[in-house]
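Hello,

Here is the structure I promised to pass on to you. Have a look at it first, and then read on for my notes.

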Amino acid sequence: MEQERLHPEATGELSNLLYDICLAAKIISRQVRRAGLTDILGGSGTLNVSGDLQQKLDMFANETVRNAVQHTGRVCITASEEDEAPLVCPREEQGKYVLLYDPLDGSTNIDVNVSIGTIFSIHRRVTGQQEGASDRDCLQPGYRQTAAGYILYGSSTMLVYTTGQGVHGFTLDPTIGEFLLSHPSIRTPAVGRYYSVNESNWNRWSPAVQRVVGAFKNGDGGAVQAKNARYIGSLVADFHRNLISGGIFLYPAATNYPQGKLRLLYEAAPLALVVEQAGGRATDGCRSILDIVPEDLHQKTPLVIGSRDDVAFAARVIGAEAAVPAK
Ligand code: AFP
């Protein structure tokens with residue numbers, strides 16, 4: 001509400017939409033915390049549009065977020081990483097916002113009780129009421145996001161978000177069922193302590209990517225100091241650690257993922273807005289993630305994100321390689 005007062009033209013709809021997302025997060029958090037006690041672990045037997053096996057908790061989270069916003073009159077269309085097509089809200093209930101989300105990121109970590117998360121991205125609709133909501137509302141570049149953030153289901157449940165006025169973190173107090181402001185105005189260090197990357201892909205990387213990861217591992221005798229390695233395999237958890245303590249996360253292009261593995265709309269763009277609002281940077285190696293104009297709902301992108309100077313170093317090396325015309 002305080003942030004809303006910074007916008008005299010605000011109607012309260014965005015605050016209420018963020019609150020709808022918080023409600024969904026509380027319901028998902030309760031299910032995650034009891035997952036081992038209820039029949040919600042394991043696969044659901046279905047594959048999502050990217051061919052990943054959908055976990056039961058994925059499906060639960062997907063429905064929970066959708067149900068929390070579908071009939072509020074605040075949203076006109078929702079698109080989920082788990083669904084092939086976006087869901088257009090009933091015409092008479094269409095609001096001015098667009099919600100894009102990854103209902104449960106890191107789902108392969110669910111059954112082994114490792115931190116997972118929900119990522120969300122909010123845009124203003126671009127279609128008119130007459131025209132009706134469509135993919136066009138979803139396919140907007142990241143810099144046009146009105147708000148973005150994530151919920152981390154870790155040792156505690158945390159909400160971290162930005163509406164363009166800095167990045168703020170809240171911790172869920174389960175005794176009162178409320179998110180309390182625990183990390184106001186998060187800033188990420190310009191140089192990080194950690195590098196986070198799946199090094200089992202080493203032989204699938206280009207020489208430039210190997211040089212960058214090598215520099216973070218051993219230092220490069222100059223600008224880059226050696227860092228400590230940390231990799232959880234849940235983007236939200238790896239990103240959050242690096243945001244708070246300083247670090248760089250990389251999921252570069254590789255021979256097995258020529259376009260990268262992570263989804264632009266549901267993972268890269270929302271986290272890019274958060275990190276840039278905290279003083280960090282996000283790139284695909286050649287351009288800012290926030291400047292990429294999406295062409296497909298499930299488009300993937302290489303992602304290098306985190307502490308400003310570390311990302312700048314990686315972009316210099318990877319960008320230079322990309323600039324060399326292929327023979
Ligand atoms: P899942 O949702 O299939 O577990 O994938 C998680 C993820 O999208 C992201 O959270 C991780 O950073 C990345 O994939 C892990 O991928 P690798 O297992 O290839 O390292």
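A polar side-chain atom of aspartate 105 sits 2.7 Å from an oxygen atom of the ligand. This is a predicted model, in which local features need pLDDT of at least 70 and side-chain atom pairs count only at pLDDT 80 or more, while totals for chains, interfaces and linings use all residues. Residues are numbered from 1 along each chain as its sequence is written, and side-chain values use heavy atoms, leaving out hydrogens and water.

The side chain of asparagine 198 has an N or O atom 2.8 Å from an oxygen atom of the ligand, and for leucine 235 a backbone N or O atom lies 2.7 Å from one. On its own the ligand exposes 480 Å², and the protein buries 86% of this area (accessible areas come from the Shrake-Rupley method with a 1.4 Å probe). There are 15 residues around the ligand, and Asp105, Thr108, Tyr231, Leu235 and Tyr251 come nearest (a residue counts as near if one of its heavy atoms lies within 4 Å).

Next, where does aspartate 137 sit? It is found in helix H4, residues 135-138 (helices are DSSP runs of H or I with at least four residues, strands are runs of E with at least two, and both are numbered from the N terminus). Aspartate 137 is buried but has no salt bridge, and the nearest side chain of opposite charge, arginine 125, is 4.7 Å away. Buried means under 20% relative accessible area, exposed over 50%, and partly exposed in between, with a 1.4 Å probe and protein chains only. A salt bridge needs a side-chain nitrogen of Lys or Arg within 4 Å of a carboxyl oxygen of Asp or Glu; Lys and Arg count as positive, Asp and Glu as negative, with His and the chain ends not counted. Beyond four places in sequence, the contacts of aspartate 137 include Cys76, His123 and Arg125 (contact means heavy atoms within 4.5 Å).

Glutamate 131 belongs to the loop between strand S6 (116-124) and H4. With 45% relative accessibility, glutamate 131 is partly exposed. Leaving out residues up to four places away, glutamate 131 touches Arg91 and Arg136.

Finally, two backbone details. Asparagine 113, in the loop between strand S5 (97-105) and S6, has a positive phi of about 60° although it is not a glycine. Serine 185, in the loop between strand S10 (178-183) and strand S11 (194-196), has a positive phi near 45° and is not a glycine either.

Best wishes

Conventions. A polar contact is a pair of N or O atoms within 3.5 Å; within protein, one must be able to donate a hydrogen and the other to accept it, and residues adjacent in sequence count only if both atoms are side-chain atoms.
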